[in-house]
Amino acid sequence: MNFGDLSVMAQLFFGTQLFSMPANVQAALGSSFPVGGGVTNIMTDERNFASGTVDPIANLIVAVGIVPGWNVTGKFFTRQVVTTSSDNQRTGNHHSYVLETNYAPLGRSYTANFGMLAVSRSQDEIGGVAFPNSGGNWIYAIAGGSKTLVGAGESAVRIWTEFQLPVHVNVSGVQLTEKWNLRFGFSTGISIFGHDEPNKKPDIFTAPDSKN
């Protein structure tokens, strides 16, 4: 079993209007921390998306309410790898883009989503030299959902799952590619500056799951 990185982020939420429709925005900055045994040898595991080092990460999410319960959401995530591991390896920078439709009915503890995910990753390095069989671009069709177990808002504890079906793969060199991915996990957040949850207007924004 291979564990990935732990992501710790400080998040800022605010509401606005976009094309005369209500929108919620989340901007986040933080860092990834290795929780496994470090970076896997990229000579044998070119698809290792865990950096194994402490690196800065950033996230931007914009959710626009179309009708009550339905949102269109755009997401951007990046991990800039600035640290070299103890065995002189450095994984490539990671960027992901999501455009999806979310169904989050008012008063319910579940959400559903479907859309497209694009992932871009630069080549890994060994001793400062780019490893040729690494890096590339992937596009997936995605479908998933989440369910709140405890709490509400961004501090809720949620279980989430997502199915990813690759529709375009363009990798550098020779790499193993997958037919499909199934991901799942738990997510939660801590609100430093608390606020009252709305009880009349639909909550058009579902806090993102920390999947990266």
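In the predicted model, strand E7 (residues 110–121) pairs with strand E10 (residues 136–150) in the antiparallel sense, over twelve bridges. Within this pairing, Met116 has Ala141 in E10 as its bridge partner. Strand E10 also pairs with strand E11 (residues 157–171), again in the antiparallel sense, here over 14 bridges. In this second pairing, Tyr140 stands opposite Pro166 in E11.

Strand E3 (residues 55–67) and strand E4 (residues 70–79) run antiparallel and are joined by ten bridges; Ala58 stands opposite Thr78 in E4. E3 and E4 form a hairpin with two residues between the strands, and in this hairpin Gly69 adopts a positive phi near 95°. E4 pairs as well with strand E6 (residues 94–103), in the antiparallel sense and over ten bridges. The bridge partner of Val72 in E6 is Thr101.

An open sheet is formed by three strands in the order E5-E8-E9, with antiparallel pairing. Strand E5 (89–90) and strand E9 (129–130) each have a single partner strand and stand at the edges, so one side of each is left without a neighbour in the sheet. E5 is joined to strand E8 (residues 125–126) by two bridges, and the two strands run antiparallel. Across this pairing, Gln89 stands opposite Ile126 in E8.

Note on methods: Residues are numbered from 1 along each chain as its sequence is written. This is a predicted model: local features need pLDDT of at least 70, side-chain atom pairs count only at pLDDT 80 or more; totals for chains, interfaces and linings use all residues. Side-chain values use heavy atoms; hydrogens and water are left out. Two strands pair if DSSP finds at least two bridges between them. Helices (H or I, at least four residues) and strands (E, at least two) are DSSP runs, numbered from the N terminus.
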